[in-house]
Amino acid sequence: MLLLSRELPSLNYRPTAQRFDQDWRDPLSTLLGWGRAAGADLVEIFLERGNYISCLAEDDAITSITPRLSTGAGVRVFRGQADCYVSTNDLSFAGLKAALEKGLLLMGLTPPGPTALVSAVNLQMLQDYAEHRQKETWLSDCSSIAEMGEILLGANDHLRRQAQHVQSRRSTYFRDWQEMMVACSDGTFVRDVRLTQSVGSTLLCADGSHRASISKRSGSTGDPAFLRLWNAQAESEELAEAAGQMLYADYVESGTYPIVMASAFGGVIFHEACGHLLETTQIERKTTPFADKKGQKIAHKNLTAWDEGMSGSAFGSLDVDDEGMPVQRTLLIEKGILKNFLSDRAGSMRTGHPRTGSGRRQNYTFAPASRMRNTYIAPGDAELEDLFASIDKGIYCKRMGGGSVGPTGQFNFGVEEAYLIENGKVTKPLKGATLIGEAKDIMTKISMCSKDLSLAAGFCGSVSGNIYVTVGQPHIKVDSITVGGR
């Protein structure tokens, strides 16, 4: 379709307001063509509808139910290797055109004059992942508010009955449903529906001056029955046992130790201390020590690591990223050698690293950036007993807590549940441990990996907002690390 620029305001586009579908092709392709006619090298439009709800149970009452509905769009304009991003909650043709015009002006481009010819972009046939995978009923099939409350209160009751010296019990759940569409002047035209859910509990026990706080959270994508299938009783038993161990535990002595770090959420340190440094956003900012290390050894020869978006219902799994690219498996490190970085569209343009289906954002108000999905250390050949047997005196970090990471990989992480290792055996419980180190050092000291890979749900904040990710690993041995304590 070829139009004069002055004809655009008179076009009578009426795409479906309640659903992103094929009817959006004509208005989006026209706007993309208008942006190209202004001199933009590439124009991308991201549409989003969101339906979120969270529920909090504290002790024996539901104390918070928080719903949120959202609708909006983000328009990104590229000129050379530079880009800008404008968001709007006006999805009318005029509203999207105004956002695009603002983006063009920010890039120093003049919108087409009234007599300029505008050729609509020839978008590909709509790739509708939601329709292909029968996702349309996901939202209606999820738990009702009444069911959410019943399940969470039941979990708190399990905690009350399982644990001793209970001071507080909290169980939380959220459901985040999103419909998205991406149209880009390179022909990309994609739609998807996503469903992300998470549930977890926190148990605080106290006896005089003794305190113990233990928590666990699980998450899933794409399963409307997730909350109904949650085994709250088993999780309560696990938390009660851990809290009982930690309540009267001795404080760890500060020092440098070999450690065994547990599987699943133990992978948070690799995610934070190394994974972020393999995103092209870090190369652009010159904040990664690994920028020029591709093909070189950056870790122990026994360490291999992946990032991918394809592990079933894992928390970071997607069918397509927020730039319309199908997700894939990306080998980050193989036997200690750095193989690949994670790259989005802008990162690829500016660094030369190929796109990896890693362009992600919290919502339409954020431009996408290179972000992790399911990131984990691969299983090794060792038996779990071999890791413990190799240590005369060290620490078993069974359950990780919160922490912080500096811009170039310096980190410190608390350990919620820890035990002393003596002569190859796990002995008494310890509390108050904090792991302190630097990514480029710890990667070379992960010398043993067991066979028991498992994954855990996590939340990741960075330049494109907060997103859902998976961390993971088998049990690993770190030959030496600084442990803060008393």
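Which residue with a positive phi follows H1? Gly39 does, and its phi is near 110°.

## The model

This is a predicted model: local features need pLDDT of at least 70, side-chain atom pairs count only at pLDDT 80 or more, and totals for chains, interfaces and linings use all residues. Residues are numbered from 1 along each chain as its sequence is written, and side-chain values use heavy atoms, without hydrogens and water.

## Helix H1

H1 covers residues 25-37. Helices (H or I, at least four residues) and strands (E, at least two) are DSSP runs, numbered from the N terminus. The expected span is 1.5 Å times one less than the number of residues. For the 13 residues of H1 that gives 18 Å, and the end C-alpha atoms are 18 Å apart, so the two agree.

Of these 13 residues, 10 are buried. Buried means under 20% relative accessible area, exposed over 50%, and partly exposed in between (1.4 Å probe, protein chains only). Among the buried ones are Arg25, Pro27, Leu28 and Trp34. The buried residues pack against several elements, including strand E2 (42-58) and helix H2 (93-106).

## His300

His300 sits in the loop between helix H9 (280-285) and strand E12 (305-308). Its relative accessibility is 17%, so His300 counts as buried. Contact means heavy atoms within 4.5 Å. Leaving aside neighbours within four places in sequence, His300 touches Lys335, Gly336, Met443, Thr444, Ile446 and Ser447.

## Ile65

Ile65 belongs to strand E3 (residues 61-79). Ile65 counts as partly exposed because its relative accessibility is 41%.
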